[in-house]
Amino acid sequence: MRSGTFLLVAVMTGLVGGYQTAGAQTAASRPAAARPAAAPAATAADVEGHQQFMKQYCITCHNERNKKAVRGFSLEKEDLATVAQHPDVWEKVIKKLRAGQMPPLTAKRPERAVSDGVATYLENVLDRQAKVTPNPGRTETLHRLNRTEYGNVVRDLFGLEMRFDDLLPADPLGGGDASFDNIATSLRLDQGLLEQYLSVAKRVARTAVGGDVPKTTETFKLNLALPQDEHFEGLPFGSRGGLAVNFPFPLDATYVITAFVTGNGEELLEVSVDGERVGSFEIKSEVTARGLGAAKAKQFEVTIPVKAGQRKVVATFVKSKARLEWEADRLPYTTGQTASGGAAAPLPRLEQMTVVGPLNPTGKGQTDSRKKVFTCRPTSKVDEEPCARSIITTIVRRGYRRPVTDADVNVFMNFFKEGRAESDFDAGVEKAIRALLVSPEFLYRIEAQPAGVAPGAPYRISDLELASRLSFFIWSSVPDDQLINLASTGQLKNPLVLDKQVRRMLADPRAAALTKSFGSLYLWVRNVGAQTPASQVYPNFDEILRNAMGREMEMFFDSIRGEDRSVLELLDAKYTFVNERLAKHYGISGVKGAEFRRVALADDSPRRGILGKGSLLLVTSVPQRTSPVKRGKWVLDNVLGAPPPPPPANVPPLADAKTNDGRILTIRELMAKHRANPVCAACHSVIDPVGFALEQFDATGKWRDVDASFTKIEPTGTMPDGSKFATLTEFRSLITQRPDPFLRTFTDKLLMYALGRGSEPFDAPTVRTVVAGAKANNYKFSSLVLGIVKSTPFQMRRAVEAPKPSGLTASR
């Protein structure tokens, strides 16, 4: 039998060669785009109208003599008559002018209408040029599936929900300040990851087919810091704590489910499968001892027969009188401290749960995955190969995201024959699936450059490549049969067909991937688990509150996406989602229970929009206190589209908050001392005032009027354009009154995510076009997605540039 590594090498060798042939045929069928003529130069009148502005307000600082002081950015040699030739320079100028950052607040400044006029002129020149000579940028030829995409593809191909977070490593983030985990240049494949893919492929194939699955032990651990005295969302009503997992039972067999419990008190533990109770255990106070892990835990075991398939396994406690008495003793804190100041005796808690099996299998069952795989069943030996070919053709077509050739299928038929010779028909199909899951055309999205395209010229990608871009953008998964059929017949590029498909895909439940994969990274929800406030300063913060904060932000973003609301509501929506724990933290009354529900917010509520969400306020703080720097930088990067330059080397830390006379400095006073250093002042004079707008939220996102020293907090500050605000409400209003910076920033990040590459200056005309086009629909989420899908960067690609001469001459 071949080793796993040899299996992969064999598949890669056969498929890469086959793909190059197929790719050449596909490329030859689509015309290469010729390089268009240059746009007409700006008129003398246009240039003259703004040249004086540049001399008076820009070049006085941004000149050759002062180049080092302005971070190497000189405009002295730039000419307004040739703006279109240097988009990288002028897009920077546009950003600064639109944000009101230039000229700086300390210099003489023109009227806002004048600087806006210059920015509009520059935008018009660059946008006209982009229409005449489009530059879609160049996406990577090979784009590996990230962990989330791999899991979604397995779900869509085989109907399996598996814990890929435990099976594959997290992917690195790429793409600059707004980091996403689908940026192609960051998704490399090393030997270690290669071995993990081989192992995962074996596991997925066995589970999908229900083959010779060995006895295994799956362990599900709870966070030891997670209190279990409350009801958890998704678990039975009337319960507290516990765990629920969706487990893929591979065979009809016997399984052993074990709950590991620590703690003291009399409780009732229940274990259920798909809502049916399969075990009930009375826990006595004398039989358990509080330990740090499951090694000291009491084990409660149930052995039961289970039919194959994806099933919900639950272990939880029934609420008891002892739990209510403990809850009363715990006041006034929420994290396990009694009213008298000591630690309350912990009730029993679930540390972990294991599922062992299959044992004594009785059959393979008819699982969802087997239904998806076995689209036919042979009735005799002579039927086996035709049936296998049909099964493999269907799976490979979906996995490859394109119609397949006989040569494609024959590679996997060879693996089928090996598996069939070793065991039975199902084993042959299983081995073919294993080979597919490690093949390069499965692991990589491949975009081949057509033959005959001039170096550096833009060309339209194929319909099949467009289908993959579309499905991985909206679903983070493979195209379905409808998309592949339209693409393979050349219909997908039709604007009406494309529009209809985008709307269909956005209405599909799989579009929730835009929340999980884009929204959670854009809004830093995935960072929530890494930030832990100091317990001595914030004793009421716990894992339940942390989880609730992340859940709120995801539900909020998903409501904008799923209900197709205006993305401007991300800034000031008059609703949010809370459960009792989070509502109590926010000071919102009338909310009971662990389940989240939508609540209305008052006009002056600090919780309106993303800037009032606990998760964002938590991750932009430090353990001991708030951080106006982190919060201000996040807003500048992700809302105002005016990112500050990177900090210089050897930045001094903040001064000690305690003065010689024992007084504790406020955070505003600390930042003022920091800005007194000229090295720090240039950036912090812009960052800090924006961060102060959020200072009435502490490091856990709780609203306050005074700081830890009982000094009244002043949330006053100045926007980059000089506009002043005295409250959070005024700050939010200043952003919403001039929404273009936010709309362009959000669209730029969505475009970056859609393409899987970093943002470039030549993308700015596309961003402006998408935003302008969405205005008629009040910037609904779908209008931005549609605008991106119809854009030049999404539907086209730049050919590789011709190699530059080395400058070396031959010598004898």
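## A chat about strands and a helix residue

Visitor: Which residue is the bridge partner of Thr217 in β9?
Guide: In this predicted model, Thr217 has Val356 as its bridge partner in β9.

Visitor: And how many bridges join β2 to β9 there?
Guide: There are 6 bridges joining β2 to strand β9, which covers residues 349-363, and the two strands run antiparallel.

Visitor: What's the strand order in the sheet they belong to?
Guide: The order is β2-β9-β4-β7, in an open sheet of 4 strands with antiparallel pairing. The edge strands are β2, residues 216-221, and β7, residues 298-306, each of which pairs on one side only. On average, and with direction ignored, neighbouring strands of this sheet are turned by 20° against each other.

Visitor: Switching to β3: why is it described as largely enclosed?
Guide: Strand β3 spans residues 239-249, and because 9 of its 11 residues are buried, it is largely enclosed by the rest of the structure.

Visitor: Which strand is β3 joined to, and by how many bridges?
Guide: Strand β8, residues 309-318, is joined to β3 by 9 bridges, and these two run antiparallel. Among the residues involved, Ser239 has Val318 as its bridge partner in β8.

Visitor: New topic, where does Glu543 lie?
Guide: Glu543 lies in helix α18, which takes in residues 543-562.

Visitor: Is Glu543 buried or exposed?
Guide: Glu543 counts as buried, because its relative accessibility is 12%, and the cut-off for buried is under 20%.

Visitor: What is Glu543 in contact with, leaving aside its neighbours within four places in sequence?
Guide: With those neighbours left aside, Glu543 is in contact with Asn223, Ala225, Leu226 and Pro227. The side chains of Glu543 and Asn223 are also joined by a polar contact of 3.1 Å.

Technical notes: Residues are numbered from 1 along each chain as its sequence is written. This is a predicted model: local features need pLDDT of at least 70, side-chain atom pairs count only at pLDDT 80 or more; totals for chains, interfaces and linings use all residues. Side-chain values use heavy atoms; hydrogens and water are left out. Two strands pair if DSSP finds at least two bridges between them. Axes are lines fitted to C-alpha atoms, for helices over the stretch in contact, and angles run from 0 to 180 degrees between N-to-C directions. Buried means under 20% relative accessible area, exposed over 50%, partly exposed in between (1.4 Å probe, protein chains only). A polar contact is a pair of N or O atoms within 3.5 Å; within protein, one must be able to donate a hydrogen and the other to accept it, and residues adjacent in sequence count only if both atoms are side-chain atoms. Contact means heavy atoms within 4.5 Å.
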